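Thanks for coming. I will keep this short: please look at the structure on the screen while I talk, and hold comments until the end.

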Amino acid sequence: MDHFLYRDGTLHAEDVSLRDIAATVGTPFYAYSSATLTRHYNLFHEALSPLPHLVCFAIKSLSNIAVLKTLGDLGAGMDVVSGGEYLRARAAGVPGDRIVFSGVGKTREEMRLALTGGIRQFNVESEPEMRALSEVATSLGVIAPITIRVNPDVDARTHEKIATGKKDNKFGIPIDRASSVYAEAALLPGLKVVGIDVHIGSQLTELEPFEQAYLKVADLTERLRAEGHTITRLDLGGGLGIPYTRSNEAPPLPSDYGALIKRTVGHLGCEIEIEPGRLISGNAGVLVSRVIYVKEGQGRDFLILDAAMNDLVRPSMYGAHHDIDPVIEPAAATLPHTYDVVGPVCETGDTFAKARPLAPLSEGDLVVFRSAGAYGAVMASEYNTRPLIPEVLVKGDQFAVIRARPTFDEILNRDTLPEWL
Ligand code: LLP
């Protein structure tokens, strides 16, 4: 459930009309709902209670500092995968002991940044990374708490570009090598093993793959404990999917997911960490765009929008579907018209949807892409020198620009000419 509903014929974000925001901010822009972010965080928090737990929001899905502060103020932890994301979490006021550091290629500089700034744990993904972290922590005279990310060789049954838990993926260490890697970790100075980490993929629409992975983690916990390791935390990753269409999708709910966690690992007495991104942020955001032209093509009509693949890359990158709705609610009896919905970028790949039935639209009309909060703004670029689009946060009847559209001067001034040119 989200808080983007029609009221008096106009689509609202909570109590604010998207048409009013468009009039103030200009299009295209992203709009986020505080109430939806809060609701989704609370669903996970409740689903894991009464187990000791920390819901660490995967910042990579939506990293605006105002969004992070909204969640951080509720008590959320953060999952970061770069020094930049670490600094965003800190800038949002999240203390280091609520931040976990994931990622397959952490640099020594990033390790130093987190170790001096404060960190709950590093989720280590390889032996060379573990040795590097040991060196950095020792040189700073501190102890780095670690989990080791295991690759359970489970098929997440999701898009191949976002599946991470099969043995041929680059992530984690093979679970059957865990004993020897944990044995080395225990001997390395500057490290303290606190638990196990696993993450098998994103946009999972079934619980079964999670179940397989978590049962393997439960076995491994007992094995590692028998080998003398102290396992007090299990980081179970993110990945729970969301519905991208109104019609036929019903992915499992956070409450089902919480029950599964309790069933598979609840008896181990561990503190549970999860790293959801998309389920918290995805349906908490829309991309609002304006129709520039309606163009008659060969046997099809093109709806040419002012948003493009550089603003929302998921359709061209993964063939992803986003529902598109007009901001002005069509009359109930309106017959749909079929459009290819495209942006102005000079690539055929800049296509959001083909043969999509929509209420008839004209130049100047506003549309929204739904479910665009996750992996929308964060994956945007300035391709074609199109400025990054603004982000707006709504709370009740208030809204604020939380990232402004850069001016062309700001963009051009980032380039510098060499003296010799
Ligand atoms: N933890 C780790 C270690 C991850 O790699 C990810 C996502 C998450 C947590 C959060 O997963 P979520 O709950 O959001 O599914 N750009 C792609 C998705 C990439 C996901 C990468 N890792 C997309 O637009 O679908």
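**The ligand and the two domains**

The shell around the ligand takes at least three residues from domain 1 (4–31 + 282–412) and at least three from domain 2 (34–280). Before I go on, note that this is a predicted model. The two domains come from the domain assignment of the protein chain. If you trace the chain, domain 1 is written in two segments, 4–31 and 282–412, while domain 2 is 34–280.

Now the ligand. Which residues come nearest to the ligand? There are 18 residues around it, and the nearest are Ser-202, Glu-275, Arg-278, Arg-314 and Tyr-375. By type, the shell splits into six nonpolar, six polar and six charged residues.

In Ser-202, an N or O atom of the side chain is 2.4 Å from an oxygen atom of the ligand. In Glu-275, a polar side-chain atom sits 2.6 Å from a ligand nitrogen atom. With Gly-277 the backbone is involved: one of its polar backbone atoms is 2.9 Å from an oxygen atom of the ligand. As for cover, the ligand on its own has 590 Å² of accessible area, and the protein covers 91% of that.

Next, the two domains themselves. Their C-alpha centres are 32 Å apart. In terms of contact, 23 residues of domain 1 meet 24 residues of domain 2.

How much area do domain 1 and domain 2 bury between them? For those new to this, the size of an interface is often given as the accessible area lost when the parts come together. Here the figure is about 2,000 Å², with 52% of it on carbon and sulfur atoms. On the domain 1 side, Asn-283, Tyr-318 and Tyr-375 provide 25% of the area buried against domain 2, more than any other three residues.

For salt bridges across the same interface, the count is zero.

That is my part done.

Key:
Residues numbered from 1 in each chain as written. Predicted model: local features only at pLDDT ≥ 70, side-chain atom pairs only at ≥ 80, totals over all residues. Heavy atoms only, no water. Near = heavy atom within 4 Å. Polar contact = N/O pair within 3.5 Å; in protein donor to acceptor, adjacent residues only side chain to side chain. Areas by Shrake-Rupley, 256 points an atom, 1.4 Å probe, with all protein chains shown as cover. Nonpolar A, V, L, I, M, F, W, Y, C, P; charged D, E, K, R; others polar. Domains from an automatic or database assignment. Contact = heavy atoms within 4.5 Å. Buried area = accessible area lost by both parts, 1.4 Å probe. Salt bridge = Lys/Arg side-chain N within 4 Å of Asp/Glu carboxyl O.
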